[in-house]
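Reader: I am new to reading protein models. Could you take me through one, feature by feature?

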Amino acid sequence: MPLTLTRPELSRSQNFIAGKWQDAASGARHPVSDPATGIEFTSVPDSGAADAQAATDAAHAAFDTWRDRTARERAQFLKRWHAAIVANGEDLARIISREQGKPLAEARGEVAYGASYVEWFAEEAVRAYGDMIPALMPGKRMMAVKEPVGVVAAVTPWNFPLAMIARKIAPALAAGCTVVAKPAEDTPLTALALVRLAEEAGLPAGVLNIVTASRDHTPATVANWLADSRVRKITFTGSTPVGKYLARESAETLKKLSLELGGNAPFIVFDDADLDAAVTGLMAAKFRNGGQTCVCPNRVYVQSGVYDAFARKLVERVAALRVGPATRDDSQIGPMINARAVHKIERHVEDALAHGATVLTGGRRLSGDGLEGANYYAPTVLGNANRDMALFREETFGPVAPLFRFDDDADVVREANDTPFGLAAYFYSTDVRRIWRVASRLESGVIGINEGAVASEAAPFGGMKESGYGREGSRYGLDDYMHVKYLCQGGLA
Ligand code: NAD
C-alpha cells in the first residue's frame, strides 16, 4: 500500500547533511518494509563512514555560530519547529504507522507526545541558569556557567520513531549543541520528515544532520562518530548490549554519554489494590505499541488473595483487544515490527509453557480475517509464571503479560529487583505506608504508583543499573547536553 500524505514532500528518501538532501557517498540504498508483510515499500540511503564523517564536518562547522545565538533565538526556532510538527501531525502519524505498524490513533498520540518535548525544551532553553558562588577570599568572583557540550551524535530505536529522536534533538539544540543523527534501520522515514519540518522552520545549515543506514552498515557509520574526538557526546536509546558497546568504544575519547537502554519492568498488584484500576493501568502500560515499549511491564506480580480475581478481569479485557492493520480505524494492536520480533515472542511463550505456564488467553500468531502478513501476535495472558522462564530474565517486547503469584511484600520487592535492569516499575496498593516503603525500595528510574501511564515531557525519564544513565525530559534533560564551567575572576580587591 502506498504512503498517502497531504504533503508528499514530507516523505524523504535522502540523507540531510550541511543543509542539503543527498544520497550516500556510495550510492547504496536499503529497503524500508511494511512491518506486517516484510515487503519493501520504499528505500533510503545505506550510509557508511564517509557519510557519518561528512555529517560531523557539517555539525562541527556550524557549532560556534549556533552556540553563539541567544537562547531566545534557539527557543524561537524550536517553537517554529514545534508548530510545524503539530500542523503536519496527520502526515507524521501516517508515516509512523506505515513504517512502524502502530495503529493510527496511537501514532497520533506519539506525534503529540514527541512534539511536547520540542515545546518543553523551547521553554527550557532560556532557563539554563548557572550560579554565582560566594567567594571565600577578598578580590575574587566565582561563577559556574553552563555551556553546550559540542557536537552530539544521536542513535535511536524503531519503537517510537518520532518521540525518541525528538527528545534528544530538542534539548541538544536548545542547549546550543549541533547534532548528527542516525534513526533505526526499520523506521527512518519519520526522522527524515521531522528534519524536513525543521528545515522549513528555519534550521541553519549544519546544525542538524541525519544519515540512514541498514543494520549491516550501521556499526561502521556509528563507529566513525565514536572514534571522532569532535563528537563530544553520544545519546542513545536502544538495547543494553549496544549501549554497553557504545560506552566501551567511546571510552577512547571519553565522550559524555546518555544511555536509555532495555528494561524488565515489574508490575505489582497488592491485595489491597483497587483491582479495576490495576487492570486499567496494566492495559495502558503493557499493550501500548503492542507491548513494544521499554517501560512495558514484563513481569506481573499478583498477591495470592487477589490473583484469581485479577486474572479473570485482565483476561476479559485482553481478549477483547482488537488486532488489525495499522491503517484500520478500530485496530488497537498492529503487527510486530518484523519477523525477528515475532520469533522472540514465540520463543518466550513456548519456553514459558515448557516451564509450567498456562495460556489464559492468546498465545499464538494471528492470520486471516483481514490480517495480511505473518507478524501479528495475539494479546496474551499467561498464568503460573515463574523465575525459571526466559521471560523472567529477558524483555519479551510483545503483547504478552505473564502472571507471577506472590505472598509476601519483602519477597516481591526482592524478586522485582532481581534483574540487571532498572528502568520502570509499577505497583498498585491503597496502603500509604506500603506505598512509601515499596517506592523507596524498588530499583527503577521511573515508578508508577497506582498509575500505568507515566511518561511526560515534564518528568525525568531514565534508568538505573543496566538500563543506563542520563535523563530525558524535565529540567534535568537539558543538563545532559551541557557542561558546567567554573569561572574565577581575581584582582577585584
Ligand atoms: P537496538 O539496540 O538494536 O537498536 C537501537 C539503535 O542502535 C538503532 O538505530 C540501531 O541501528 C543502532 N545499532 C544497532 N547496532 C549497533 C552497533 N553495533 N553500533 C551502533 N549502533 C547500533 O535496539 P532496538 O531493537 O531498535 O530497540 C529496542 C530496545 O530499545 C529495547 O531493548 C528497548 O527496551 C530499548 N528502548 C529503550 C528506551 C528507553 O528510553 N530506555 C526506549 C525505547 C526502547
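**Domains and their contact**

Author: Start with the record. UniProt, in an unreviewed entry, places the feature "domain: Aldehyde dehydrogenase" at residues 21-486. UniProt positions are given in the numbering used here, feature names are shortened, and annotations may be inferred rather than shown by experiment. Residues are numbered from 1 along each chain as its sequence is written. The model is predicted: local features need pLDDT of at least 70, side-chain atom pairs count only at pLDDT 80 or more, and totals for chains, interfaces and linings use all residues, while side-chain values use heavy atoms, with hydrogens and water left out.

Reader: How is the protein chain divided into domains?

Author: Domain bounds come from an automatic or database domain assignment. Here domain 1 covers 8-261 + 467-486, and domain 2 covers 265-449. Their centres, taken over C-alpha atoms, are 31 Å apart. The contact (heavy atoms within 4.5 Å) takes 21 residues from domain 1 and 26 residues from domain 2.

Reader: How much area do domain 1 and domain 2 bury between them?

Author: The size of an interface is often given as the accessible area lost when the parts come together. Buried area is that loss (1.4 Å probe), summed over both parts. Domain 1 and domain 2 bury about 1,900 Å², 53% of it on carbon and sulfur atoms. In domain 1, Ala-36, Trp-158 and Ser-467 lose the most area to domain 2, together 26% of what that side buries.

Reader: How many salt bridges are there between domain 1 and domain 2?

Author: A salt bridge is a side-chain nitrogen of Lys or Arg within 4 Å of a carboxyl oxygen of Asp or Glu. Between domain 1 and domain 2 the count is 0. By this rule the overall count comes to 33 salt bridges. One of them joins Glu-185 and Arg-215, with the closest N and O atoms 2.4 Å apart. Glu-185 lies in the loop between β8 (178-182) and α6 (188-200), and Arg-215 in the loop between β9 (208-210) and α7 (218-227), so the pair ties together parts that are 30 residues apart in sequence.

Key:
Buried area = accessible area lost by both parts, 1.4 Å probe. Helix = DSSP H or I, 4+ residues; strand = E, 2+ residues; numbered from the N terminus.
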